[in-house]
Amino acid sequence: METIKLNIDGRDIETQSGKSVLEASLEAGIYIPYLCYHPDLETTGDCGLCVVEVEGNDELVISCTTPVAEGMTVRTKSKRIAEARRQAMEKILIGHPADCGTCVKYLNCELQSLKQYISEEEYKPQGPARLFAVDNSNPLFTIDPNKCVMCTRCIRACKDLRGVGILVEKTKDEQRYIGTENGLSLAESGCRFCGACAEVCPSGAIMDKEELTKGKNRKQALLPCRYTCPAEIDVPRYLRFIGEKDYRSAAAVIREKAPFPGVLGYVCDRPCEDVCRRGEINEPISIRELKRYAAEHDGSGLKPEKKPATGKKAAVIGAGPAGLTAAYYLALQGHEVTIFEALPFVGGMLRAGIPEYRLPREVLDREIKYVEDMGVEIKTGTRVESIDELLNTGYDGVVVALGTHQGQKLKIPGADNAGVLIGADFLREINLGNKLDIGKNVLVLGGGNVAFDCARAARRLGAEVRMACLEVRETMPATDDEIQQGEEEGITVYPTRTFTRILTENGKITGVECLEVTSLTFDEEKNPQIETREDSRHVINADTVIFAIGQRPDIPEGFGINTAAGNLIEVDEFTFTTSKEGVFAAGDAVNGTSSVIKAIASGRKVAVALDRHLGGSGDISETLAPVTEPEKNIGRQDGFASLTRCGDAQVPVEERVKSYCKVVADLDEKVVECEAKRCLQCDLRLKITPVKFWSSY
């Protein structure tokens with residue numbers, strides 16, 4: 001475009017033809033107040049705040065609609081300009097609430113900032129106060145017509161930016177306001193809930209509901225699925241690829257943050273779904289199911305590019321999700337990496353703890369091979385007893401990612417009897433294919449995912465299974481789908497129980513004596529504080545008892561690193577360094593037994609830390625999927641708000657309890673496409689240009 005030279009407030013400015021005087025001024029760092037203008041929208045010039053003087057023109061001109069011209073001389077400040085802006089602001093403020101201090105947007109309001117810039121004196125707008133009712137009926141937004149200043153940004157954003165066009169200018173009792181064409185709710189009008197209207201609103205007339213944003217930073221509030229994910233996987237981006245049937249690119253987006261999309265598609269505890277903004281409308285997106293579908297239909301054989309060899313050697317102790325992840329990223333950074341695994345197989349708790357019906361072994365094997373293909377050497381059946389020996393044999397850094405394989409028992413009478421098993425050991429034997437005699441009546445003590453894995457595995461061995469735990473049903477630590485599937489498979493759950501002793505008769509277990517829990521709290525050291533109901537002593541019959549009440553890492557004494565409560569490894573929370581120089585730690589051995597996605601995220605962070613220790617940049621970011629800009633114009637869709645979640649496809653109960661076949665069933669491609677397109681595409685909002693206040697110039 002042609003370069004234009006002009007003078008603004010005595011400064012010679014160069015800009016491109018076609019720009020407005022306002023745009024040229026702002027780009028040069030010269031502030032002109034504006035309200036109806038927004039950098040992403042067609043402007044109207046209606047607010048009158050951006051008036052300036054142009055040499056040769058007797059009248060003030062609207063700078064947002066006046067194009068630049070060669071040799072133009074512009075003045076942005078004078079008494080006449082200041083008075084015109086003040087009058088324009090008083091007109092804008094007619095009917096607007098006068099007290100900013102009671103507004104949620106106080107100190108973060110564009111209109112308030114403009115008021116302060118234009119005049120320090122009190123405004124005296126002439127006109128009646130607005131008495132519209134505040135609309136809180138919409139699931140994501142609060143609409144307060146009393147705060148509307150009729151800049152029409154929301155109308156233009158909805159129509160021109162998003163192609164939805166449900167907002168219009170309306171009049172009631174001679175007062176103008178913004179609403180839907182027929183006075184319908186946003187949901188009934190075909191709204192896509194993209195949030196563009198709230199994003200561009202300068203006055204708080206359309207605003208995110210306070211309960212969805214309070215105490216959160218901007219990204220966490222507006223894109224909670226991504227920023228609640230411990231690995232920060234870009235959920236909306238890969239859902240768009242799935243909606244376009246580009247499964248290769250979708251899987252690549254996931255791999256940019258986690259090398260195990262298939263594993264996560266089966267066993268992720270999906271914290272993203274708990275905070276999905278679509279869930280406020282009706283039901284959250286079935287994100288994990290879509291991730292699984294993308295991973296299973298990837299077929300790309302994607303192989304990321306490794307950096308040149310550094311000559312540095314790293315040892316990783318433990319081949320679970322944290323260790324494998326750390327090894328993968330360290331190898332990509334060009335380091336020579338060896339994993340040492342005490343068990344005779346790779347995968348850690350992915351293989352030793354999670355039963356095959358939840359995580360098919362071919363999926364796990366495929367993704368372990370993906371790590372090995374990066375040049376990572378894995379030595380199984382190799383227990384490391386001394387870190388110093390590793391460091392003395394040429395390794396420049398060590399990651400300890402042992403996991404928490406050591407199960408625990410309660411110290412109650414009878415806990416050491418034959419027939420009392422530890423959950424972690426029980427699952428390991430099952431997953432190794434060893435036969436176990438567990439009798440016909442099994443009681444699992446615990447309410448977490450490991451407890452349900454034990455219970456459901458025992459059910460597949462033909463036993464009648466009960467579970468008992470301290471927590472009430474609603475606060476059991478197991479995920480909702482584990483609880484639901486377990487109960488569908490015939491497992492009876494006894495919540496709010498504490499255990500006093502294991503009963504035996506003639507050397508055989510007959511049951512567990514329990515008390516009903518009335519109160520459960522935890523002290524500062526996370527020890528349970530339990531109150532029980534008087535005269536509530538009772539027995540739950542069983543001939544086998546499985547403790548699944550928690551696990552801890554088994555750390556050899558020869559490691560020589562400091563540990564904390566629960567035998568967890570002490571690390572610096574920012575550098576992940578242990579008490580021994582050159583030794584880092586990650587995963588459940590640091591954080592306690594948690595989730596696969598948290599272990600993967602921990603593995604990423606420790607890889608960054610060790611890479612820096614080895615002289616690298618610590619930048620493990622990857623771009624594996626095509627870099628494309630999403631379509632801004634998403635269009636109106638009647639009935640969008642009522643589109644229902646596809647749900648989790650499952651094999652019928654009567655089939656799955658007979659064997660270790662996978663529990664989830666394959667989804668239909670059309671269902672997958674429809675589910676992906678239920679996404680609100682919240683990330684589009686973060687691509688709207690933020691308005692800078694005058695104090696930024």
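## Overall make-up

A residue is called buried when its relative accessible area is under 20%, exposed when over 50%, and partly exposed in between (1.4 Å probe, protein chains only). On that scale, buried residues account for 56% of the 697 residues in the protein. This is a predicted model, in which local features need pLDDT of at least 70 and side-chain atom pairs count only at pLDDT 80 or more, while totals for chains, interfaces and linings use all residues. Residues are numbered from 1 along each chain as its sequence is written, and side-chain values use heavy atoms, with hydrogens and water left out.

The protein has 26 helices and 25 strands; these are DSSP runs numbered from the N terminus (helices: H or I, at least four residues; strands: E, at least two). The C-alpha trace spans about 105 × 65 × 50 Å along its principal axes. Of the contacts (heavy atoms within 4.5 Å) between residues at least 6 apart in sequence, 68% join residues at least 24 apart.

## The five-stranded sheet

Five strands form an open sheet with mixed pairing, in the order β2-β1-β5-β3-β4. Two strands count as paired if DSSP finds at least two bridges between them. The edges are taken by β2 (11-16) and β4 (61-62), each of which has a single partner strand, so one side of each lacks a neighbour in the sheet. Helix α2 (residues 79-92) packs on this sheet and touches β3 (51-54) and β5 (73-75). The direction of α2 makes about 155° with that of β3; such angles run from 0 to 180 degrees between N-to-C directions, with axes as lines fitted to C-alpha atoms, for helices over the stretch in contact.

Strand β1 (residues 3-8) pairs with β2 in the antiparallel sense, over six bridges. I8 has R11 in β2 as its bridge partner.

## A parallel strand pair

Strand β10 (residues 313-317) has four of its five residues buried, so the rest of the structure largely encloses it. β10 runs parallel to strand β11 (residues 336-340), and five bridges join the two. A315 has T338 in β11 as its bridge partner.

## Two helix pairs

Helix α20 (residues 449-460) packs against helix α21 (residues 480-488) at an angle of about 20°, with the axes 10 Å apart. The two are therefore roughly parallel; angles under 35 degrees count as roughly parallel, over 145 as roughly antiparallel, 65 to 115 as roughly perpendicular and the rest as oblique. Their crossing is left-handed, a term used if the near helix is turned anticlockwise from the far one by less than a right angle (right-handed if clockwise). N449, F452, D453 and R456 of α20 meet E482, I483, Q485 and G486 of α21. By class, this contact has two nonpolar, three polar and three charged residues. Ala, Val, Leu, Ile, Met, Phe, Trp, Tyr, Cys and Pro count as nonpolar, Asp, Glu, Lys and Arg as charged, and the others, Gly among them, as polar.

Helix α9 (residues 235-243) and helix α25 (residues 669-676) pack at about 140°, with their axes 8 Å apart, which makes α9 oblique to α25. The crossing of α9 and α25 is left-handed. L239, I242 and G243 of α9 make the contact with V672, E673 and A676 of α25. The residues of this contact are four nonpolar, one polar and one charged.

## N527

N527 lies in the loop between β20 (508-522) and β21 (528-532). With a relative accessible area of 35%, N527 is partly exposed. Leaving aside residues up to four places away in sequence, N527 touches T521 and F522.
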